[in-house]
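Please keep the sequence and the model at hand while reading.

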Amino acid sequence: MLKITLEYIPLDPNVSFLMIKQTEVGQRPEYLSFFYTHVYTSIFVLFTGFLAILRKDFGWKSFHRNMGKIYIFLILILAAPSGIYMGFFANGGILSKISFVILGILWWFSTFRAYQLARQKKFTQHKQWMWRSFAFTFSAITLRMWKVIIVYLFHPNPMDVYQIIAWLGWIPNILLIEYLITKKHL
């Protein structure tokens with residue numbers, strides 16, 4: 001993910017993924033701002049979310065709480081809203097767009113719910129909602145994993161790949177987390 005993020009430094013609308021988004025780049029001046037916000041925050045969201053879920057303090061008393069605050073702030077204010085916006089312009093047609101918008105909304109909501117529960121000191125429920133939030137966060141990785149597998153095995157049309165990975169990127173993640181919560185493993 002860091003390598004993907006670094007592709008977009010310095011700012012250049014003619015690099016990597018943006019090469020296939022030239023319609024949006026040319027016709028929607030705000031698109032690049034949302035795109036860069038989403039891409040640049042993603043690496044920090046993944047990192048802080050992972051550290052918060054570890055629940056280790058690393059010798060710093062408030063480490064978990066501080067990582068959680070950064071994670072929640074980045075998602076609620078920057079990453080999820082920019083992801084929702086980008087979802088409306090996703091490749092792969094209406095099915096991909098629906099999936100990415102739903103993903104963004106669920107990501108925002110699960111993170112907000114986790115935040116509310118922490119504020120109410122309902123830590124068991126907070127933990128479960130944070131796992132849900134991280135399942136959506138982790139879709140950034142599983143989406144790319146599925147893309148590699150599907151392209152390697154089946155060689156489909158690129159737009160068909162988007163329709164498939166738009167859903168595979170997050171649905172198996174959340175189903176696994178729901179299973180683990182139901183079985184009282186989380």
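Predicted model: local features only at pLDDT ≥ 70, side-chain atom pairs only at ≥ 80, totals over all residues.

Residues are numbered from 1 along each chain as its sequence is written, and side-chain values use heavy atoms, with hydrogens and water left out.

Two packed helices are described by the angle between their axes and the distance between the axes. Axes here are lines fitted to C-alpha atoms, for helices over the stretch in contact, with angles from 0 to 180 degrees between N-to-C directions. Helices are DSSP runs (H or I, at least four residues), numbered from the N terminus.

The axes of α4 and α5 lie 8 Å apart at an angle of about 165°. The two helices are therefore roughly antiparallel, a term for angles over 145 degrees, whereas angles under 35 count as roughly parallel, 65 to 115 as roughly perpendicular and the rest as oblique. The crossing of α4 over α5 is left-handed (the near helix is turned anticlockwise from the far one by less than a right angle; clockwise would be right-handed). On the α4 side the contact (heavy atoms within 4.5 Å) includes Y71, I72, I75 and L76, and on the α5 side it includes F100, W107, W108 and F112. The residues of this contact comprise 15 nonpolar, 3 polar and 1 charged. In this classification Ala, Val, Leu, Ile, Met, Phe, Trp, Tyr, Cys and Pro are nonpolar, Asp, Glu, Lys and Arg are charged, and the others, Gly among them, are polar.

For α6 and helix α9 (residues 171–182), the angle is about 160° and the axes are 8 Å apart. This makes α6 roughly antiparallel to α9. The crossing of α6 and α9 is right-handed. Q128, W131, R132, A135 and F136 of α6 meet N173, I174, I177, E178 and I181 of α9, a set with 6 nonpolar, 2 polar and 2 charged residues.

Helix α7 (residues 139–154) and helix α8 (residues 158–168) have axes that come within 9 Å and cross at roughly 140°. The pair α7 and α8 is therefore oblique, and α7 passes α8 in a right-handed crossing. From α7, the residues L143, W146, K147, I150 and V151 touch V161, I164, I165 and L168 of α8; 8 of these contact residues are nonpolar, none is polar and 1 is charged.

The description now turns to pockets. On a 1 Å grid over the protein atoms alone, a pocket is an open set of points where a 1.4 Å probe fits, with protein on both sides within 12 Å along at least five of seven lines, and lining residues have an atom within 4 Å of a point. A volume is the space filled by probe spheres set on the points.

The largest pocket has a volume of about 870 Å³. Its lining has 35 residues, with H38, M86, F100, L143 and R144 nearest the centre. α3 (31–54) gives the most to this lining, 7 residues. The lining of the largest pocket has 21 nonpolar, 10 polar and 4 charged residues.

The second largest pocket holds about 630 Å³ of space. Of its 18 lining residues, H64, R65, A118, F123 and H126 are closest to the centre. Two or more lining residues come from each of α3, α4, α5 and α6, and α4 supplies the largest share, 6 residues. By class, the lining of the second largest pocket has 9 nonpolar, 3 polar and 6 charged residues.
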